[in-house]
Amino acid sequence: MAVTGDDGVAAASTVKLWDGAVRIVHWLIALLFAASWYTHDRDLQWHRYAGYAMLTLVLFRIYWGFAGSTTARFSHFVKGPRSVIRYARDGLRRGSEPIVGHNPIGAISVLLLIGLLLTQCLSGLFATDIDGLESGPLSSLVSFDTSRSVAEWHGVGFAALQVLVAVHLAAVLFYLIFRRDNLLLPMVTGRKSLTGGGRSLRFGSGWHAATAAIVIAAIVWAIVRGG
Amino acid sequence: MQYRRWMQVLPAATLVLGGSAAVAATVGEVIAARQAQYKELGKAFKTINDQLKSSTPDLAAIKASAQIVTRIGQQQNRQNWFPAKTQAGQGLQTAANAAIWGNADDFKARRADFAKASAGYAAIAGKGDIEAIKTATGGVGKTCKGCHDTYRDRDKS
């Protein structure tokens, strides 16, 4: 996994955009979202495991958003309302110059997805099913009624996530068809053909990412065992 | 109590609104009563499962809740909590599936399963062997799920 500062040019004007950590986390989150969906009414033990893994990934992504590669950092892509409006007006047009990294509207989607996924993981920790038979690892800290309310919010959160994921997929399709801008491939390969920009990007090291991920996983494990 | 109050206003309501309104009130009471029982059951199971997960389980709490499980397990078999016209639809706040009345014999057998599985449960909990309680809880829980998968509409209370 080449996450280290290789800013280089493999082919003409192709630059590295997303580091390995961002890509792996992205696809694992997608996989775990599907797994959580599939297991929620079939196997609650695996649903819990998927949740713990998801919580680890989301917390890591938040950490990486402050300490990781340039394109992973919130400070790089989260913009104020004026930039969002400007991008909605000018940036979505066909033939307009692609933005290096997340665009201002995509940034909102990233924040909402991360925020909702985090909320979803946390509510799952305290939720109980209607029979009191299956529950999150911290549900013993709250009453049955509270735990049931949390479970209902867990359901609402999932519905909201489904909407967000649908919007996310629609946006990728919109860029592909309308703007002829393939967002999917760079999220796989990490590289994107850009006419300008991208040369000044810095990338965090794989060791840094791996260490952070292990520490966060250990913290999550301690939390779920504490219940 | 709610039920008594209904009994007091019932004759007047029958005169004013006719028979159907009186029946609707009774149906609502039946549903509320059985839901209260199942909720108590859910609460008891949560208490037990919380304690079983704990490194220092509270045996007194487990015993008290296990008695609730055994009591309700027998009651739901002896009494009929699902009289006709108390199923979902018709604007009623219930998750009781119409299959309860469609497969009445199977539903009855499931109720008997739960009664049988829960009959000795309080006694097992009383002995205080955590591993034995875990196994027994799994066994009783299975009979809950076995019935709910078929006869309870999902995501409703």
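Trainee: How many helices and how many strands does chain B have?

Mentor: Chain B comes to seven helices and zero strands, where helices are DSSP runs of H or I with at least four residues and strands are E runs of at least two, numbered from the N terminus. From that end, the elements read α-α-α-α-α-α-α. Bear in mind that the model is predicted: local features need pLDDT of at least 70, side-chain atom pairs count only at pLDDT 80 or more, and totals for chains, interfaces and linings use all residues. Residues are numbered from 1 along each chain as its sequence is written, chains are lettered from A and ligands numbered from 1 in the order written, and side-chain values use heavy atoms, with hydrogens and water left out.

Trainee: Which residue counts does the contact between chain B and chain A take?

Mentor: It takes 17 residues from chain B and 19 residues from chain A, contact being heavy atoms within 4.5 Å. The two chains bury about 1400 Å² between them, 53% of it on carbon and sulfur atoms; that is the accessible area (1.4 Å probe) lost on being put together, summed over both parts. In chain B, Lys46(B), Lys53(B) and Lys145(B) lose the most area to chain A, together 38% of what that side buries.

Trainee: What makes Asp145(A) and Lys39(B) a salt bridge?

Mentor: The rule wants a side-chain nitrogen of Lys or Arg within 4 Å of a carboxyl oxygen of Asp or Glu. Here the closest N and O atoms are 2.9 Å apart, so the pair qualifies. Across the interface of chain B and chain A, the rule finds three salt bridges.

Trainee: Which helices of chain B supply at least two residues each to the side that touches chain A?

Mentor: Those are α2 (19-53) and α7 (130-151) of chain B. The largest share, nine residues, comes from α2(B).

Trainee: Why does Arg179(A) have no salt bridge?

Mentor: The nearest side chain of opposite charge, Asp181(A), is 4.6 Å away (Lys and Arg count as positive, Asp and Glu as negative; His and the chain ends are not counted).

Trainee: Where does Arg179(A) sit?

Mentor: In the loop between α6 (144-177) and α7 (184-189) of chain A. Leaving aside neighbours within four places in sequence, its contacts include Tyr87(A), Arg93(A), Glu97(A) and Phe174(A).

Conventions
Buried means under 20% relative accessible area, exposed over 50%, partly exposed in between (1.4 Å probe, protein chains only).
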